[in-house]
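Colleague: I'd like to learn how to read helix packing and side-chain contacts in a model. Could you walk me through it?

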Amino acid sequence: MRPLLAIDGDSFAHRAYHALPKSITRAGGRPAGAILGFANFLIRLWETEQPRAVLVAWDTLDSPTYRHTALEAYQTGRVFDPAILEQLPMLPELCRACGFAAAKEPGYEADDFLAAAAHSEEKRKGTTVVATSDRDAFQLASEHTTILQPVRGVSELARIGPAEVRERYGVDPAQVPDFIALRGDPSDKIPGARGVGPKTAADVLAQYGSLEAALEAGRFSAQAEELRLFRRIATLDASAPLPSLADQSPTWAEASAHVGDWSAREGRGAEASSLADSWGMGRLAGRLETLAGGERRSSS
């Protein structure tokens, strides 16, 4: 059975943006590095994993989640270049034009959709490959779900299962939210328990099994409610709403498509090559056309 591929769109868009020259532009001299780099990554993942369907999940940067409300410092201090902020809203449209599903809703982070997708696929007895640089997603690792974590840029990916989570953190995947609550997470500005680092956090969980059991035994009593909050913040929300994840066939280009035909198709949706061409990204449009031609030949 082919896997469901669930991708943290923001994670790889940012990596692509910083990996490629800022001189890459589209029509009107507008920035295009994140679009090009993400598209190339999406194509490579599709070719490597051969999934039955793809879900690309996105943050909603202008809408806070319950995490931001519950912890004032959560993710503060993050500053994004205007050039990538201009490109990010275009990427879900590109994903849909490729024939894939995109998830983006106020109140949810990309990781929440990844969790919902993995849980949904597990219920249907399928497997999921989750591509993300966010180690919070290690809590999803199981015999049914594998995490693809970038090692260098977006060119090399490590496969993370339960054994690799235990090797790296010293805890089981289900204990990862407890581990983050105790150790803290500097990137999200979760402070953790005072004086506790990764080794102590893992030792506590090895002894008690869970953060709650440690608190009930009297550990960290002065910070008990704080730590429960940190755990809630670190736990991915698998109730996030998902689009349809029925089997998909990529729409890199229509069978009769010619680059430049966007205006004739705009009213009824577009496949990816004509959308890229409408953005003034001819080389990407050409690659998508070539990719579509190769798939048509292989299936004939």
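This is a predicted model: local features need pLDDT of at least 70, side-chain atom pairs count only at pLDDT 80 or more; totals for chains, interfaces and linings use all residues.

Colleague: How are two packed helices described?

Modeller: By the angle between their axes and the distance between the axes. Helices are DSSP runs (H or I, at least four residues), numbered from the N terminus. Axes are lines fitted to C-alpha atoms over the stretch in contact, and angles run from 0 to 180 degrees between N-to-C directions. Here, helix 8 (residues 176-183) and helix 11 (residues 224-234) have axes that come within 8 Å and cross at roughly 130°.

Colleague: What orientation do helix 8 and helix 11 have to each other?

Modeller: Angles under 35 degrees count as roughly parallel, over 145 as roughly antiparallel, 65 to 115 as roughly perpendicular and the rest as oblique. Helix 8 and helix 11 are therefore oblique to each other.

Colleague: Which residues of helix 8 and helix 11 meet?

Modeller: Contact means heavy atoms within 4.5 Å. P177, D178, I180, A181 and L182 of helix 8 meet L227, F230, R231 and A234 of helix 11. By class, this contact has seven nonpolar, no polar and two charged residues; Ala, Val, Leu, Ile, Met, Phe, Trp, Tyr, Cys and Pro count as nonpolar, Asp, Glu, Lys and Arg as charged, and the others, Gly among them, as polar.

Colleague: Which residues of helix 11 are buried?

Modeller: Buried means under 20% relative accessible area, exposed over 50%, partly exposed in between (1.4 Å probe, protein chains only). In helix 11, A224, L227, F230, I233 and A234 are buried, and the buried residues pack against helix 3 (66-70), helix 8 and helix 10 (211-216).

Colleague: Is S274 buried or exposed?

Modeller: S274, in helix 13 (residues 272-278), is buried, with a relative accessible area of 0%. Its side chain makes a polar contact with the side chain of E271 at 2.5 Å. A polar contact is a pair of N or O atoms within 3.5 Å; within protein, one must be able to donate a hydrogen and the other to accept it, and residues adjacent in sequence count only if both atoms are side-chain atoms.

Colleague: And where does T251 lie?

Modeller: T251 is in the loop between helix 11 and helix 12 (262-265) and is partly exposed, at 31% relative accessible area. The T251 side chain reaches the backbone nitrogen of G99 at 3.0 Å.

Note on methods. Residues are numbered from 1 along each chain as its sequence is written. Side-chain values use heavy atoms; hydrogens and water are left out. Helices (H or I, at least four residues) and strands (E, at least two) are DSSP runs, numbered from the N terminus.
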